[in-house]
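Reader: I am new to this model. Please show me how to read its features one at a time.

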Amino acid sequence: NTGMIIRFILLLSAFPLECWASRISRPNVILIITDDQDIELGSLAAMPRTVRLLKERGVSLYGYSTTPICCPSRSSILTGLYAHNHNVHTNNNNCTGAEWRSIHEKKTIGVYGKKEGYTTAYYGKYLNEYEGDYVPPGWDDWHGLIHNSRFYNYTLNVNGYKHKFGFDYAKDYLTDVVTNRSIEFIERVATRKGRPFLLVLSYPAPHGPEDPAPQYTDSFPDIDSHRTPAWNYAPNPDKQWLLQRTGKMETVHVAFTDLLHRRRLQTLQSVDEGVERIIHLLRDKSVLSSTYLIFTSDHGYHLGQFGLIKGKNMPYEFDIRVPFFIRGPGIQRNTTIRKPVANIDIAPTVVDMMGGAIPPHMDGRSMLGLVSENEEEVQWRDTLLIERGKMPRMKSIRDRLERQKERFSKRERVRMDCAKKKWQQDCAPGQVFRCVWERTDWLVKRCDREKECNCPLRGKREVEEEEENENPDYNSLLDEFILISHTENVKEANEWFQGTFDIQS
C-alpha cells in the first residue's frame, strides 16, 4: 500500500498543477445573439439594462459583420470562417445544405465545447433554412427554431422532437421562451463542479415580423433615432451602382420606416429584460465572476439610409456595424476598444475561453488578449474583408427612380439654383458664375469669360438639346457650378443635396 501511495504521489507531481486547476475552474461561456440589431440607428439607447450590465461592466468593441445577411453571418459566428470559406452566401444556397452539414457543421463552437468537456446548450434561431429534421452535432440540449425568426406560431426542434407553439404570449412568445429555457438550463448545471457550460441564446428580436410583447406596444411613440444624416439622403451618383439608382423615399415609405423603427425597439425590450434575468441568476448562483458573456448581432440594419427603405446586405456602417460587448473574468471594465473585431472572431474567442487550442483553419482571431485587463500588447488587424450577400430586388428601386429621375436631373438642379437671386446678379469680384435668363430657361455663364462670349440668345429647347447632346464644355461648366452652389447651400442652411443624375431617357 505504501508503494502504491508513493507511485500515486509521483504521478501527481508529474502532472502540471495548472492543468488540474484549469480543469476544475474553467469558466462558463454564454453567447447572446440578436437578429438584425443595428448600432448606427440607436437601438442600444432603448436597452439600458444591457448597456449597464454588459457594456459598463465589460468591454465595448467596434464589431462588424463580414457578410451582413442572416445565414452567412451566423455560419461565420459558429465556425470562425469567412463566407467564401464556409460557402454560405445567402439565406438559401447551402444554408444548412449538403456542404454545411458534411463539413462545416462538424466544426462549430458546440463541437469544440463538447471536446473540452463542456455541457452545451443552444436556444432559439439557428440558420434560416434549418428544417428541424436533425440535431446539429455538439449540443447536449438543443432547442432550435425551424426556419426564420418569428415570435408566435413557430416550431422548435427540442432534442430531436418538433414542438409547435401558438399565439399565447404567456407561454409562446419566443424571446421569453429562449430566456426561460436558458434559465432552466443554468439552474440545472451552474453548480456542477468541474463541468462548465457553453450556452447560446439566439433571440429573434428585432427581426421581422417585429411583434413586441403586449406591455411594450405603446413604447417609444416619438422616437426618430433612425433618422441619421444618411436617412433619405438620395440620390447618390458618387456611390456604388445600386445607390446611383435609388431615389428619395416617398411619403408612405417615410411613415413606414418610422413605424418599423418603433416596433423594432419594442421587441428589444424583452431581450433587455432577458439579459438582466440571466445575469441576476448567475450572480445568485455565485458563478457570474467565472462566466464570460458575449453579446452581439448577426448584422446591422437600415431604415431609409441613402433612400433604401429597409433591410441589410449593404457594405455601409449601418448594415455591417453591430453591438459587441464582452464581460467576464479578467476582462477590462467600462472600456471601449476602437479596433475592428468581427463575427469571425467569436468562434476562436469562445474556444480560447474554454481553454482549447484554436483550430488553425479559422479565419478569425481570439479577442481575449485584446480585452484582457492585463493590457497585453496585441498586434491587431486594421482591415476586414466585407463580402457581398444576397442583393435586394431591383424592380421596386428601378420603378421609384423612374418616377423621380426628372426631379433630380442636372437641368432641374441648375434651375433650382439659378432661381436664387444671388446667382442672377451681375458678376462681382471673386464671383465665378452667374445665371442669365434667356427667353424660356436659365443659362449659366462663367464670370471671367462672360465679356469674351458673344453668345446668341437661345430658347429652352436649344439649351436642353445642347445638354442632351452632352456638350462636354457646357456639361463640365454645369458640374462646377452645381458643386459651388451646393457647397454654399450647405454652409448657409445645411440644405440637402449630394449630386445629380445624368440619365439618358
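Reader: Is Glu40 buried, partly exposed or exposed?

Author: Buried means under 20% relative accessible area, exposed over 50%, and partly exposed in between (1.4 Å probe, protein chains only). Glu40 has 35% relative accessibility and counts as partly exposed. As for the source, this is a predicted model, where local features need pLDDT of at least 70 and side-chain atom pairs count only at pLDDT 80 or more, while totals for chains, interfaces and linings use all residues. Residues are numbered from 1 along each chain as its sequence is written, and side-chain values use heavy atoms, with hydrogens and water left out.

Reader: Which side chain meets Glu40 in a salt bridge?

Author: Side chains of opposite charge can pair when their charged atoms come close. A salt bridge is a side-chain nitrogen of Lys or Arg within 4 Å of a carboxyl oxygen of Asp or Glu. Here Arg321 meets Glu40 at 3.5 Å, N to O. Arg321 is buried, at 8% relative accessible area.

Reader: How many salt bridges does the whole structure have?

Author: A search finds 23. Another one joins Arg49 and Glu276, with the closest N and O atoms 3.1 Å apart. Arg49 is in helix α3 and Glu276 in helix α11, 227 residues apart. Helices here are DSSP runs (H or I, at least four residues), numbered from the N terminus.

Reader: At what angle do the axes of α9 and α11 cross?

Author: Two packed helices are described by the angle between their axes and the distance between the axes. The axes of α9 and α11 cross at roughly 5 degrees and come within 9 Å. That makes α9 roughly parallel to α11 (angles under 35 degrees count as such). Axes are lines fitted to C-alpha atoms, for helices over the stretch in contact (heavy atoms within 4.5 Å), and angles run from 0 to 180 degrees between N-to-C directions.

Conventions
Helix = DSSP H or I, 4+ residues; strand = E, 2+ residues; numbered from the N terminus. Parallel < 35°, antiparallel > 145°, perpendicular 65-115°, else oblique.
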